[in-house]
Amino acid sequence: MTAVRVHHYSVDPANLEQLLARRAQLIAGIRSGFQGLLETRLVRLDDGTYHDVWRWESAEQLAAALAASASFPPVAATMALTHDGTVQNGEIVDER
């Protein structure tokens, strides 16, 4: 079943461009090192916070990438630009 990882965080507006650049590098690095990342989607919400949704082919592929993320420097560099973050994993049960 398709898995998702959803980050919810805030970004100082002065850091947004840098976050976008680092996030793009992070995504490229993840895709080059791991299979299964189908898409990512960054959404700015009405309250100015962000939802960053990463969609994976399977929970196993998501878990493999997560296990290696602590030793992948772009993860920490990108997340350092965010604050008040939360994260949840889930599975897609219906799509239309």
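User: By class, how many nonpolar, polar and charged residues does the lining of the largest pocket have?
Analyst: This is a predicted model, and its largest pocket is lined by 18 residues. Sorted by class, that lining has 11 nonpolar, four polar and three charged residues.

User: What is the volume of the largest pocket, and which residues lie nearest its centre?
Analyst: The volume of the largest pocket is about 280 Å³. Strand 1 (3-11), helix 1, strand 3, helix 2 and helix 3 (73-79) each give two or more residues to the lining. Nearest the centre of the pocket lie Arg5, His7, Trp54, Leu66 and Val75.

User: Which element gives the most residues to the largest nonpolar core?
Analyst: The largest nonpolar core has nine residues: Ala3, Leu26, Ile27, Ile30, Leu37, Trp54, Trp56, Leu62 and Ala65. At least two residues each come from helix 1 (16-33), strand 3 (50-56) and helix 2 (59-69). The element that gives the most, with three residues, is helix 1.

User: Which residues does Ala3 contact, leaving aside its neighbours within four places in sequence?
Analyst: Ala3 is one of the residues of the largest nonpolar core. Leaving aside neighbours within four places in sequence, the contacts of Ala3 are Trp54, Arg55, Trp56, Ser58, Ala59, Leu62, Gly90 and Glu91.

User: How far apart in space are Thr2 and Gly90, C-alpha to C-alpha?
Analyst: Thr2 is found in the segment before strand 1. Not counting residues up to four places away in sequence, Thr2 touches Leu38, Arg55, Trp56, Glu57, Gly90, Glu91 and Ile92. Thr2 and Gly90 are 88 residues apart in sequence, while their C-alpha atoms are separated in space by 8.7 Å.

User: Why is Pro74 classed as partly exposed?
Analyst: Pro74 lies in helix 3. A residue counts as buried under 20% relative accessible area and as exposed over 50%, with partly exposed in between. Pro74 is therefore partly exposed, because its relative accessible area is 26%.

User: What distance separates the C-alpha atoms of Pro74 and Trp54?
Analyst: Trp54 belongs to the largest nonpolar core and is also among the residues nearest the centre of the largest pocket. Pro74 and Trp54 are 20 residues apart along the chain, and their C-alpha atoms are separated by 16 Å.

User: Which element of the protein has the lowest mean pLDDT?
Analyst: The mean pLDDT of the protein is 95, and 100% of its residues reach 70 or more. Among the elements, strand 2 (residues 37-44) has the highest mean, 98. The lowest mean, 92, belongs to helix 3.

Note on methods
Residues numbered from 1 in each chain as written. Predicted model: local features only at pLDDT ≥ 70, side-chain atom pairs only at ≥ 80, totals over all residues. Heavy atoms only, no water. Core = buried A, V, L, I, M, F, W, Y, C linked by side-chain atoms within 4.5 Å. Buried < 20%, exposed > 50% of the residue type's maximum accessible area, 1.4 Å probe, protein only. Helix = DSSP H or I, 4+ residues; strand = E, 2+ residues; numbered from the N terminus. Contact = heavy atoms within 4.5 Å. 1 Å grid on protein atoms, 1.4 Å probe; cavity = no way out; pocket = protein on both sides within 12 Å on 5 of 7 lines; lining within 4 Å. Points joined across faces, edges and corners; volume = space filled by probe spheres on them. Nonpolar A, V, L, I, M, F, W, Y, C, P; charged D, E, K, R; others polar. pLDDT = per-residue confidence, 0-100.
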